[in-house]
Amino acid sequence: MKSTTDTHRWRTIDIVVASVIAVAFGVIFWAWGLVWSATEGAFAFFPPAQTLLYGVWLMPAVIGGLVIRKPGAALYCETVAAVLSALLGSQWAGTVIPQGIVQGIGAELAFAAFRYRSFRLPTAVFAGALTGLSAALFDFFVWNVDYALTDYRIPYALLTIVSATLIAGLGGWLLTNALANTGVLDRFPAGRNRALI
């Protein structure tokens, strides 16, 4: 029987796949920043509603945790993706790096709450929600501090959590299962749990 230390030790393949997830999402982050800027006008009627798009930036934390299933995976994937997006020229510059760390911690806490033993849909949704909460708190005190509390900051925070729960949590779980069904995750528990096709 493997000890907890053995099951939580990162293998070389864990590092490689977590890095691939992070790099892929780092590029997506950079592109999603362009989408965010381009859609600002569409949300002029209620600017906090734009955060319904936010969850895409939180997906690597949930997917990293679901695929790697080891302490630090959610934090690693979200942080590396944030670093890469900053290097690619994110319009928010280096501030996205501490932001990514805070967001990764949110998902990490969700997986840690289940002692890295549950990776079902409820856990993924919980990870998405906590990642959204951590993102909302960061933005509340860093980006949105000058905005009105009830008209902007609170709705922004609540809608960020909703977006993260649906896109990062549910969407991350669906994407992980879709990848598992292709066979690319067969060297991971996420791949071994897939239904035979």
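Is the crossing of H5 and H6 left-handed or right-handed? In this predicted model, the crossing of these two helices is right-handed. The briefing below covers that helix pair, the nonpolar core and the spans annotated in UniProt.

**Packing of H5 and H6**
- The axes of H5 and H6 lie 8 Å apart, and the helices pack at an angle of about 145 degrees.
- On the H5 side, the contact is made by Pro98, Gln99, Val102, Gln103, Gly106, Ala107, Leu109, Ala110, Phe111 and Ala113.
- H6 contributes Thr123, Phe126, Ala127, Leu130, Thr131, Ser134, Ala135, Phe138 and Asp139.
- By residue class, the contact of H5 with H6 comprises 12 nonpolar, 6 polar and 1 charged.

**Nonpolar core**
- The largest nonpolar core contains 36 residues, and those with the most contacts inside it are Ile21, Phe25, Tyr54, Val67, Ile68 and Phe111.
- At least two residues of this core come from each of helices H2 (12–38), H3 (59–68), H4 (73–87), H5 (96–113), H6 (121–141) and H7 (149–182).
- H3 supplies the largest share of this core, 7 residues.
- Beyond its neighbours within four places in sequence, Ile21 is in contact with Pro60, Ile63, Gly64, Val67 and Cys77.

**Annotated spans**
- An unreviewed UniProt entry lists residues 12–32, 52–68, 123–142 and 154–175 under "transmembrane region".
- Residues 52–68 are 59% helix and 0% strand, with the end C-alpha atoms 27 Å apart.
- Residues 154–175 are 100% helix and 0% strand, and the end C-alpha atoms of this span lie 30 Å apart.

Notes: Residues are numbered from 1 along each chain as its sequence is written. This is a predicted model: local features need pLDDT of at least 70, side-chain atom pairs count only at pLDDT 80 or more; totals for chains, interfaces and linings use all residues. Side-chain values use heavy atoms; hydrogens and water are left out. A nonpolar core is a set of buried Ala, Val, Leu, Ile, Met, Phe, Trp, Tyr and Cys residues joined through side-chain atoms within 4.5 Å. Buried means under 20% relative accessible area, exposed over 50%, partly exposed in between (1.4 Å probe, protein chains only). Helices (H or I, at least four residues) and strands (E, at least two) are DSSP runs, numbered from the N terminus. Contact means heavy atoms within 4.5 Å. Axes are lines fitted to C-alpha atoms, for helices over the stretch in contact, and angles run from 0 to 180 degrees between N-to-C directions. A crossing is left-handed if the near helix is turned anticlockwise from the far one by less than a right angle, and right-handed if clockwise. Ala, Val, Leu, Ile, Met, Phe, Trp, Tyr, Cys and Pro count as nonpolar, Asp, Glu, Lys and Arg as charged, and the others, Gly among them, as polar. UniProt positions are given in the numbering used here, feature names are shortened, and annotations may be inferred rather than shown by experiment.
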